[in-house]
Amino acid sequence: MKGTILVNNLTRLMAKDEVTYSHSLRLGSMAKIMANHLRFDEEQKENLIIGCCLHDYGKIFTPEKILHKESALTSKEWEIMKRHPVIGARLLILENVEQEIIDVVKYHHERIDGKGYPYGLKGDEIPNYSKICSIIDSYDSMVSNRVYRKGLTPLQAREELMKHSGTQFDEFYVREFVSIPQDRLESRDKIALRR
Ligand SMILES: [Fe+2]
């Protein structure tokens, strides 16, 4: 059931935007590594992986000219882009997906200091899986090349996570993530290289 929803929704995302689709697959791969590192049980692991794979699912309703824009977004375009966590969560509610998975999607852009979106939640108001998703989402974005910039090295990206630990990111989960040896994150890098 969960597997079918995951495949169907990822297929929709792939049809809409291949960059977001491959980013989502890499997040699923890193979520698995993080869940194993944190010794999650099978159900916890499954929910974290599915939540991370579908974190940007709401972007299927983001206009393509905004999704693929290579220059800075205008404030109006940015407001539209920022709707994707709520849209994704609403779509998954309609499919009777578990609340833990929906929460990853809904809160993955919240920040520990309350400066995130869409709700401005602070600290432990943010669910743990969303805190993890935020870290691996940012890591993947930082190390990925974009048309307008070259990605950071894995070491630089880890330093950025640590620099913003306690403000943007949860301190405990950043510490755990950066303690994972780089070679264990290799599966993520292999997916990235196929892009
Ligand atoms: Fe997102």
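Predicted model: local features only at pLDDT ≥ 70, side-chain atom pairs only at ≥ 80, totals over all residues.
Local features were taken at pLDDT of at least 70 and side-chain atom pairs only at pLDDT 80 or more, whereas totals for chains, interfaces and linings use all residues. Residues are numbered from 1 along each chain as its sequence is written, and side-chain values use heavy atoms, with hydrogens and water left out.

Helices, defined as DSSP runs of H or I of at least four residues, are numbered from the N terminus. The axes of H1 (residues 2-16) and H3 (residues 42-53), which are lines fitted to C-alpha atoms over the stretch in contact, with angles running from 0 to 180 degrees between N-to-C directions, come within 10 Å and cross at roughly 15°. H1 is therefore roughly parallel to H3, a term applied to angles under 35 degrees. The contact, meaning heavy atoms within 4.5 Å, is made by Lys2, Leu6 and Leu10 on the H1 side and by Glu43, Glu46, Asn47, Ile50 and Cys53 on the H3 side. By class, this contact has four nonpolar residues, one polar residue and three charged residues, where Ala, Val, Leu, Ile, Met, Phe, Trp, Tyr, Cys and Pro count as nonpolar, Asp, Glu, Lys and Arg as charged, and the others, Gly among them, as polar.

Buried here means under 20% relative accessible area, exposed over 50%, and partly exposed in between, with a 1.4 Å probe and protein chains only. With residues up to four places away in sequence not counted, Phe177 touches Met30, Met34, Ile135, Ile136, Tyr139, Arg158, Leu161 and Leu185.

The buried residues of H6, which are His84, Pro85, Val86, Gly88, Ala89, Leu91 and Leu92, pack against H1, H5 (75-81) and H7.

Two charged residues were also examined. Lys45, placed in H3, counts as buried because its relative accessibility is 13%, and, with residues up to four places away in sequence not counted, Lys45 touches Lys32, Ala35, Asn36 and Phe40. Arg146, in the loop between H8 and H9, counts as partly exposed at 26% relative accessibility; Arg146 and Glu70 are 76 residues apart in sequence and 8.8 Å apart in space, C-alpha to C-alpha.

Notes
Helix = DSSP H or I, 4+ residues; strand = E, 2+ residues; numbered from the N terminus. Parallel < 35°, antiparallel > 145°, perpendicular 65-115°, else oblique.
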